[in-house]
Amino acid sequence: MSTDTLTPVLTDNWDQDRSWTLAAYEERGGYGALKKALAMRPDDVITAVKDSGLRGRGGAGFPTGMKWSFIPQDNPNPKYLVVNADESEPGTCKDVPLMMASPHTLIEGVIISSYAIRANQAFIYVRGEVLHVVRRLQRAVQEAYRAGHLGKDIHGYGYDLDLVIHAGAGAYICGEETALLDSLEGRRGQPRLRPPFPAVAGLYASPTVVNNVESIASVPSIIGRGADWFSAMGTEKSKGFGIFSLSGHVANPGQYEAPLGITLRTLIDLAGGIRNGHELKFWTPGGSSTPILTTEHLDVPLDFEAVGEAGSMLGTRALQLFDETTCVVRAVLRWTEFYKHESCGKCTPCREGTWWLVQTLANLEKGIGSEGDLDLLLDQCDNILGRAFCALGDGATSPISSSIQYFRDEYLAHLTEGGCPFDPVASTVFAAEGATS
Amino acid sequence: MTQVSTSSTSEGGGLSDATYGELREIAARYPQARSGLLPMLHLVQASEGRITPEGIEACADILGITAAEVSGVATFYTMYKRRPVGDYHVGVCTNTLCAVMGGDVIFERLKEHLDVGNDETTDDGAITLEHVECNAACDYAPVMMVNWEFMDNMTPQSATELVDDLRAGTEVHSTRGPRIVTWREAERVLAGFSDDLADEGPSAGPASLVGLGVARENGWTAPGNDAGGRTGSAAERKAESEPKQEEGQ
């Protein structure tokens, strides 16, 4: 069976009038999958999601159905579902438009998923810096209660569920699932030691599933249209569709929903090419924490396996594209400053290491230092990677080590020229318009 | 920089009874009250214009934890401000992608135009300028946020016009949302108290729809299935929407 190049499912109703309302969502068959799920045994819902091959859309790619099956049903504590809507990984911009345009897709997914794991309380932890998304979620929850999709004895099936929209307060680390749970408990958002994993001891030390927005939003379509329908899309081990977010120096940046395995070459073509008169230089496949790739990787299938083999990670499919006007050292320094700012301070390698990285990089960008500083940077990365408490520290090393691998000469050019050889204005969107004066 | 009046409600330093009641209301939303702390601190900001010592004491009192524990949380998160914030918190994304696309130029221009540094407030108390991290709108770069509403595809010129309008009291709309409310009003929504503006603004901005548009032009859809799904043309979907309601029961 051949699949179309783009396969709008989650994005399919975004152009509908007032798509965020319950009326618009139900007009297109919304909440049909919920009623179907409630007529199933919870374990059968888990099996369907397992069979679909859905893997976590928040970056790590862990099989969603398997995560659900780890919830110990004989544990006497309440079970919880927590949606990670703390979308903050630089380059990632898919969950926010989804929740803005179609919050009910997520909420229907929350109810089905909570039913499957037998949770009677769910939370959507949304970052606080997206006010209108918070409004749309709050309104959608209100509508869902009124329609009997949430609350007591949902549609007469004897199942109860309450859902709280919880706004965060500005901390990238809260996208890490155990830090998110600490934050949701009213604490500083710092990651926890694992094991125990959240499935065993998560929120309030009770069995908890934490899933990304897009993962949960994919569940209604899987239940409504079948596991086989979902797994017919994508590649052998990376099933289904995903939202690919193109940003940067491309003619038409935006959201492109396609089967996993589409290539960047195809996506750039659909997006009208790299901006006029320029060419691609480097890109991230899945956010700033995934090692950068170059033009030699344009034909890598964008699925978990192939991007891994190419030396990076699929991550959140946050494709940030930079053309030849962009200084890679400046780009990497800025990301490194971000990790330094967002390091939670819990573990030494990350807390201290990110400061050292910024210091070394900032000097190099100004043309201060020697070629030996590149080895120093890589040595610092070695002391963070695999030694930090959570993935933030590992992620901080990705742009540095990958950029030195592909653009060592550009680092050295900063030293020989005594500073950055690039004109930062040339890379701006308004460079051609003369609007910078 | 100048002092902005801290609050109209905190006479003698204490929180109003109404605010105190709402703080309790937030705590009651959760199976364990302490989970309410983040939204409670948002409400303190809505009421007091910043995180005040009195606000910290009130949260500690309601949750039965120490003021030091509340302070530890309040100082961890960047959205909580210990100094008064202007009516409009203006954020400029200077994470890599936005910075490269023009965010750095915009931020420099605004510092100059408003005569403030990072995280400082204009003399008239209207605007607090801050550079922010990635706000999940990279397809609209360079991005600015006003009171955490999206201002997409900015230029140095549109940025200076924006802050001039805000200072002049001209009504400003988010490019993908409603008219901009004040920072305190926004904080109240984040605390979980609706302002009924959810229905304002579009479903999605243009960049969010660009892939969908390409799919529509080419007639591309997700594969259909026997049970009938949400794929196919708009007309087919409409025809299917009726039976689908009954099919899932």
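Two residues are said to be in contact if their C-beta atoms, placed from the backbone, lie within 7 Å. The structure is a predicted model, in which local features need pLDDT of at least 70 and side-chain atom pairs count only at pLDDT 80 or more, while totals for chains, interfaces and linings use all residues. Residues are numbered from 1 along each chain as its sequence is written, and chains are lettered from A and ligands numbered from 1 in the order in which they are written.

In chain B, residues 24 or more positions apart account for 63% of the contacts with a separation of 6 or more. A residue is called buried if 20 or more other C-beta atoms lie within 10 Å of its own, exposed if 12 or fewer do, and partly exposed in between, with C-beta atoms placed from the backbone. By this criterion, 54% of the 249 residues in chain B are buried.

Helices (H or I, at least four residues) and strands (E, at least two) are DSSP runs, numbered from the N terminus. Chain B holds nine helices and five strands, and its elements follow the order α-α-α-α-β-α-β-β-β-β-α-α-α-α from the N terminus on. Two strands pair if DSSP finds at least two bridges between them. Strands of a sheet pair through backbone hydrogen bonds, either parallel or antiparallel. In chain B, an open sheet of five strands shows mixed pairing and the order 2-3-1-4-5. Strand 2 (120-121) and strand 5 (149-151) of chain B each have a single partner strand and stand at the edges, so one side of each lacks a neighbour in the sheet. Strand 4 (residues 144-146) of chain B pairs with strand 5 of chain B in the antiparallel sense over three bridges; within this pairing, F150(B) of strand 5 is the bridge partner of M145(B). Helix 5 (residues 96-114) of chain B packs on the sheet and touches strand 1 (88-93) and strand 3 (127-132) of chain B. The direction of helix 5 makes about 140 degrees with that of strand 1 of chain B, where angles run from 0 to 180 degrees between N-to-C directions and axes are lines fitted to C-alpha atoms, for helices over the stretch in contact.

Domain bounds come from an automatic or database domain assignment. For chain B, this gives domain 1 (11-74), domain 2 (88-190) and domain 3 (208-247). The centres of domain 1 and domain 2 of chain B, taken over C-alpha atoms, are separated by 28 Å. Six residues of domain 1 of chain B are in contact with four residues of domain 2 of chain B, and the domain 1 side of this contact has three nonpolar, three polar and no charged residues. In this classification, Ala, Val, Leu, Ile, Met, Phe, Trp, Tyr, Cys and Pro count as nonpolar, Asp, Glu, Lys and Arg as charged, and the others, Gly among them, as polar.

Between the chains, 95 residues of chain A are in contact with 80 residues of chain B. Helix 7 (residues 131-146) of chain A contributes seven residues, the largest share of the side of chain A that touches chain B. That side has 41 nonpolar, 35 polar and 19 charged residues.

Chain A is divided into domain 1 (22-231), domain 2 (241-323) and domain 3 (328-424). The C-alpha centres of domain 2 and domain 3 of chain A lie 23 Å apart, and eight residues of domain 2 of chain A are in contact with 10 residues of domain 3 of chain A. On the domain 2 side, the touching residues divide into four nonpolar, four polar and no charged.

Two packed helices are described by the angle between their axes and the distance between the axes. The axes of helix 3 (residues 42-52) and helix 6 (residues 103-117) of chain A come within 7 Å and cross at roughly 115 degrees. P42(A), V45(A) and I46(A) of helix 3 of chain A meet I112(A), Y115(A) and A116(A) of helix 6 of chain A in this contact, which has six nonpolar, no polar and no charged residues.

Strand 5 (residues 241-248) of chain A pairs with strand 6 of chain A in the antiparallel sense over six bridges, and a hairpin joins the two strands through five residues. Y256(A) of strand 6 is the bridge partner of F244(A). Six of the six residues of strand 6 (residues 254-259) of chain A are buried, so this strand is largely enclosed by the rest of the structure.

Y125(A) lies in strand 2 (residues 121-126) of chain A and counts as buried, with 24 C-beta neighbours inside 10 Å. Apart from its neighbours within four places in sequence, Y125(A) has contacts that include V82(A), H166(A) and L184(A).
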